[in-house]
Structures are given as C-alpha cells and as structure tokens.
Amino acid sequence: MRFLIRVVINAFAIWVVTLIPALQISVIAFAPGETLQLVLTLLAVAAVFAIVNTIIGTVIRIVAIPLYILTLGLISLVINGFLLWLTAWLTHWWNWGLRVEDFWLGIVGALIISVINWIFGIVLRPQRDKD
C-alpha cells in the first residue's frame with residue numbers, strides 16, 4: 001500500500017514538473033492525445049522512478065557518504081537529478097515514457113519532485129497518539 005501511494009505521489013509530481021515548459025521535461029504517452037493513456041504512462045514512469053530510486057539510489061547514497069559530508073548534503077541534488085535522468089534513459093527504450101532534455105534542468109526537476117514528495121509526506125504521514 002505504501003509503495004502504491006508513493007507511486008501516485010511521484011506520478012503527480014512528475015506531471016507537475018512536465019507542466020513547466022522551461023525545464024524541458026516531458027512525458028510521451030502510450031497513445032498521444034488521450035488522457036487515460038497519459039495517466040497510465042505517468043503511473044508507469046513513477047513506478048520505474050520509485051524502483052530506480054529505491055534500488056540504485058540507495059546504493060549510490062551509501063557509496064557517496066563522503067561526498068555528502070564534504071558538500072554538506074548538496075550532492076543529493078545531483079544524485080536525484082541523475083536518478084531522474086536514469087529513469088528517462090530506461091523508459092527511452094520504449095516509445096513512451098519520460099524525456100529529460102538537459103541534465104542540469106533535470107536536477108531542477110528532481111528538486112521540484114523532491115519538494116512535492118516532502119509536502120505530501122508531511123500531509124499523509126500517520127500521526128502518533130500523544131496519550
């Protein structure tokens with residue numbers, strides 16, 4: 001259930017990022033022009049992004065611990081941008097999916113996705129009883 005909620009939030013965040021034309025990030029649907037195919041494509045791209053972020057992102061973050069210390073955590077922006085670019089590269093092999101035109105704009109897009117995930121994480125976090 002948690003993975004499914006994470007995928008839906010990622011799909012929403014990716015959709016918001018694609019609405020900003022200056023970032024040059026787009027999603028190519030299964031069948032262009034139809035809303036259902038765009039939503040399904042966003043969910044599929046979000047699932048791939050969640051899997052990439054969980055598996056490959058964890059390994060990269062563990063290996064990059066010294067860089068986190070040296071850069072005071074700013075390397076996480078580059079790592080998140082790389083993971084978004086990697087998701088676009090993986091979905092590039094099909095005729096649908098995420099397209100990131102510029103790596104540095106991908107970093108900005110990943111930052112926006114992270115902020116949206118953070119906001120939804122605060123809103124949807126289960127509250128502990130203080131009794």
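I take exposed to mean over 50% relative accessible area, buried to mean under 20%, and partly exposed to mean in between. The model I am reading is predicted.

Leu-72 sits in the loop between helix 3 (65-70) and helix 4. Its phi is positive, about 55°, although Leu-72 is not a glycine.

I then turned to Gln-24. This residue is not a glycine, yet its phi is positive, about 55°. Gln-24 belongs to the loop between helix 1 and strand 1.

**Entry: aromatic rings**

I searched the whole structure for aromatic pairs and found 7. I noted one of them, Phe-30 with Trp-96, as tilted, at 4.8 Å centre to centre and 50° between the planes. The partners come from distant parts of the chain, 66 residues apart. Phe-30 is in the loop between strand 1 and helix 2, and Trp-96 is in the loop between helix 4 and strand 2.

I checked accessibility on both sides. Phe-30 has a relative accessible area of 42%, so I log Phe-30 as partly exposed. Trp-96 is at 15%, so Trp-96 counts as buried.

I also found a cluster of rings. Phe-12, Trp-15 and Phe-120 are linked through ring pairs.

**Entry: the core**

I asked which residues touch the most other members of the largest nonpolar core. They are Ile-14, Ile-25, Leu-84, Leu-98, Val-100 and Ile-113, out of 28 residues in that core. Two or more residues each come from helix 1 (2-18), strand 1 (25-28), helix 2 (35-63), helix 4, strand 2 (97-100) and helix 5. Helix 2 gives the most, with 7 residues.

Setting aside neighbours within four places in sequence, I list its contacts as Val-27, Leu-42, Val-45, Ala-46, Leu-98 and Ile-113.

**Entry: helix 4 against helix 5**

I looked at how helix 4 (residues 75-92) packs on helix 5 (residues 103-124). The angle is about 100°, and the axes are 8 Å apart. Helix 4 is therefore roughly perpendicular to helix 5. On the helix 4 side, the contact residues include Leu-77, Phe-82, Leu-84 and Trp-85. On the helix 5 side, they include Phe-103, Ile-107, Leu-111 and Ile-113. I sorted the residues of this contact by type: 10 are nonpolar, 5 are polar and none is charged.

Methods: Residues numbered from 1 in each chain as written. Predicted model: local features only at pLDDT ≥ 70, side-chain atom pairs only at ≥ 80, totals over all residues. Heavy atoms only, no water. Axes fitted to C-alpha atoms, helices over the stretch in contact; angles between N-to-C directions. Helix = DSSP H or I, 4+ residues; strand = E, 2+ residues; numbered from the N terminus. Parallel < 35°, antiparallel > 145°, perpendicular 65-115°, else oblique. Contact = heavy atoms within 4.5 Å. Nonpolar A, V, L, I, M, F, W, Y, C, P; charged D, E, K, R; others polar. Core = buried A, V, L, I, M, F, W, Y, C linked by side-chain atoms within 4.5 Å. Buried < 20%, exposed > 50% of the residue type's maximum accessible area, 1.4 Å probe, protein only. Phe/Tyr/Trp six-rings, centres within 6.5 Å; stacked < 30°, edge-to-face > 60°.
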